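Biologist: Can we look at this one together? I'd like to learn how to read it, step by step.

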Amino acid sequence: MISITAKLMGGSVNIPGENIICCITFLNTAESDNSGNVETLAWASVQIHCLCSTNAKVPYVSKLAQTAEVPPTVSDTSFIPYKGDCQGQIVLSTKPKILFCDLQLLPGLSKSYVYTEVLPPEAPPSYRGKLVKYSYKITIGTQRVNSPIKLLRVPLRVLAISGLPDYNLCEDSEDLSPSNPFLENQNKEQELGPALQLVQNITARRSPNFYNITNTRGKVGRFCLFKQAYRLGEDIVGTFDFTKCTVPCIQLTVTLQCEEHIASEYDINKPEVVVLSFSKHHEVCLHMTHCLLNLPIPMHATPAFVTDLMELKWKLHFEFVTGHPGATDIVLTEDFWQAPEFLNIETMIWDLPVQIYPALPTPEPNSQSKHSLII
């Protein structure tokens, strides 16, 4: 038997334009003293592809699927990287690279190959939504003579950088992110060019923005958001100020949400905008003068992006429950406050857009992603 092992050097999270490196090892697992058990492989090839699957409400046909030629025959000896994979259409496919032809392995011996490929800059990000899903795989195919092809699939996660403002990189080249003197310097983001450095500088700046919250009865409160741009894994921090307000706020809820907007040419069935909720903050704030908002952004979320099929946007969704002026005033009866039995309330909602950019996790030196197959 032959054991095939694939290791992703540098982690399984990548940015379009980055060089993906995968080390692939073929090992004859037979005992070394059995010299007659020589394993032979006819060939091996590697390819990266991205599959897009959509909901039945979105009749999408990718441009690559429209121009692709249908093979006349499909057999077990044809190298089709996405064969047997989940339902979907190919929206991105790199050219296959041949690792070897006619490889012979003696018992106990192995042979390693390094596969490198630059992810195209126009590559869509990995995403698992309700209407649209994008997924990436590195497919390694190999075959014995007169035998079916065996496939080893290595999943990839791709994070795209979208919506960067037109800043002058020469004037904005200073690293503004906080540093930790107790950690070794990690140069992976610097190797990816100025795009991630610009993201780092944008998300490191603090520029407080204040928003007055009002309804038809008067002022409910004042909200302060310390910055508008964040990276995955950061916390969205803000404060509410209820001093000098004429309308009492009884409770509030803030939810981090993303919206799926389908492109107009594929929106023939007029599906509603799909909203996905993540972290949530709830506060009962009656008679409070200030309260703090702290919403973590999960690392598994997908930053904002735009493709020919859809656009993903992020927002903070606010829900305020307010009372009538004077109805919630504190009245002491024998040194105790008696809460009112009935309270007339009103609910108001508000959406505040925020920008979320990718952040690459720092890979550990010995935590290379491994995937194996025995044939």
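**Reading the sheet and the salt bridges**

Modeller: Let's start with an open sheet of four strands, in the order S7-S3-S1-S23, where the pairing is antiparallel. Strands S7 (110-118) and S23 (369-374) sit at the edges with a single partner strand each, so one side of each has no neighbour in the sheet. On average, neighbouring strands here are turned by 20° against each other, direction ignored. That angle is taken between axes, which are lines fitted to C-alpha atoms, for helices over the stretch in contact; angles run from 0 to 180 degrees between N-to-C directions.

Biologist: Before we go on, where do the numbers come from?

Modeller: This is a predicted model, in which local features need pLDDT of at least 70 and side-chain atom pairs count only at pLDDT 80 or more, while totals for chains, interfaces and linings use all residues. Residues are numbered from 1 along each chain as its sequence is written, and side-chain values use heavy atoms, with hydrogens and water left out.

Biologist: What counts as a strand, and what as a pair?

Modeller: Helices (H or I, at least four residues) and strands (E, at least two) are DSSP runs, numbered from the N terminus. Two strands pair if DSSP finds at least two bridges between them. In this protein chain there are three helices and 23 strands.

Biologist: How many bridges join strand S1 to strand S3?

Modeller: Eight, between S1 (residues 2-9) and S3 (residues 19-28), which run antiparallel. You can check one spot yourself: Ile2 stands opposite Asn28 in S3.

Biologist: How do I read buried and exposed?

Modeller: Buried means under 20% relative accessible area, exposed means over 50%, and partly exposed is in between (1.4 Å probe, protein chains only). Of the 375 residues in the protein chain, 43% are buried. Val114, which has its place in strand S7, is exposed, with a relative accessible area of 56%.

Biologist: Which residues make the nonpolar surface patch?

Modeller: Met9, Ile21 and Val114 make it, and its area is about 240 Å². Patches take residues with over 30% relative accessible area and no salt bridge; like charges are joined within 9 Å, and nonpolar side chains (Val, Leu, Ile, Met, Phe, Trp, Tyr) within 5 Å. Accessible areas come from the Shrake-Rupley method with a 1.4 Å probe, and for residues only the protein chains shown count as cover.

Biologist: And salt bridges, what's the idea there?

Modeller: Side chains of opposite charge can pair when their charged atoms come close. The cut-off is a side-chain nitrogen of Lys or Arg within 4 Å of a carboxyl oxygen of Asp or Glu. The structure holds six salt bridges. In one of them, Arg144 meets Glu39, with the closest N and O atoms 3.0 Å apart. This pair links distant parts of the chain, 105 residues apart: Arg144 is in the loop between S9 (132-143) and S10 (150-158), and Glu39 is in S4 (residues 39-54).

Biologist: Is Glu39 buried or exposed?

Modeller: Glu39 is buried, at 11% relative accessible area, whereas Arg144 is partly exposed at 24%.

Biologist: What other salt bridges can I look up?

Modeller: Glu346 lies in S22 (residues 345-357) and Arg217 in the loop between S11 (209-215) and S12 (218-225), 129 residues apart. Then there's Glu234 with Lys227, at 3.3 Å between the closest N and O atoms; Lys227 is buried, with a relative accessible area of 10%. Finally, Glu259, Lys315 and Asp351 are linked in a network of salt bridges.
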